[in-house]
Amino acid sequence: MTASYIVGSLVGSFAIAYLCDTFVSDKKAFGGTTPHTVSDKEWWKATDAKFQAWPRTAGPPVIMNPISRQNFIVKSTE
């Protein structure tokens with residue numbers, strides 16, 4: 001009997017949270033509009049293409065010692 005109350009409470013709280021989230025974010029309860037960058041699919045494709053073409057460079061791997069707060073660069077064995 002107690003388990004059914006717990007499960008029912010959890011399901012009910014998730015349902016209320018979902019409804020509140022939908023009302024505030026999707027229905028724009030506090031005003032506002034959806035940004036152009038979110039609603040425009042062409043803009044999203046162009047931005048994604050730009051980031052995929054971006055040259056990525058990285059430094060050597062670093063190991064952090066959390067106790068002494070010192071960083072050590074890992075040297076290759078080659």
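I'll start with the surface. I6, L10 and F14 make up a nonpolar patch there, and together they have about 340 Å² of accessible area. Keep in mind that this is a predicted model.

F14 sits in helix α1. Is F14 buried or exposed? F14 counts as exposed, because its relative accessibility is 60% and the cut-off for exposed is over 50%.

Now the helix itself. α1 covers residues 2-26, which is 25 residues. From its first C-alpha to its last, α1 reaches 36 Å, close to the 36 Å expected at 1.5 Å a residue.

After α1 comes K28. K28 lies in the loop between α1 and α2, and α2 is residues 36-39. For background, most residues other than glycine have a negative phi.

Next, the rings. How many aromatic pairs are there by the rule used here? The count comes to 0. There is a lysine over a ring, though: K50 lies over the face of F51, at 5.0 Å from the ring centre.

Last, the chain as a whole. The protein chain has 3 helices and 2 strands. Read from the N terminus, the order is α-α-α-β-β, with the helix I described, α1, spanning residues 2-26.

How much of the chain counts as buried? The figure is 3% of the 78 residues. The protein chain exposes about 7500 Å², and 65% of that comes from carbon and sulfur atoms. The patch of I6, L10 and F14, where I began, is on that surface.

That is what I have on this model.

Notes
Residues are numbered from 1 along each chain as its sequence is written. This is a predicted model: local features need pLDDT of at least 70, side-chain atom pairs count only at pLDDT 80 or more; totals for chains, interfaces and linings use all residues. Side-chain values use heavy atoms; hydrogens and water are left out. Helices (H or I, at least four residues) and strands (E, at least two) are DSSP runs, numbered from the N terminus. Buried means under 20% relative accessible area, exposed over 50%, partly exposed in between (1.4 Å probe, protein chains only). Accessible areas come from the Shrake-Rupley method with a 1.4 Å probe; for residues, only the protein chains shown count as cover. The expected span of a helix is 1.5 Å times one less than its number of residues. Patches are made of residues with over 30% relative accessible area and no salt bridge: like charges are joined within 9 Å, nonpolar side chains (Val, Leu, Ile, Met, Phe, Trp, Tyr) within 5 Å. A salt bridge is a side-chain nitrogen of Lys or Arg within 4 Å of a carboxyl oxygen of Asp or Glu. Rings of Phe, Tyr and Trp (its six-membered ring) pair if their centres lie within 6.5 Å; planes under 30 degrees apart count as stacked, over 60 as edge-to-face and the rest as tilted. A charge sits over a ring if NZ of Lys or CZ of Arg is within 6 Å of the ring centre and within 35 degrees of the ring normal.
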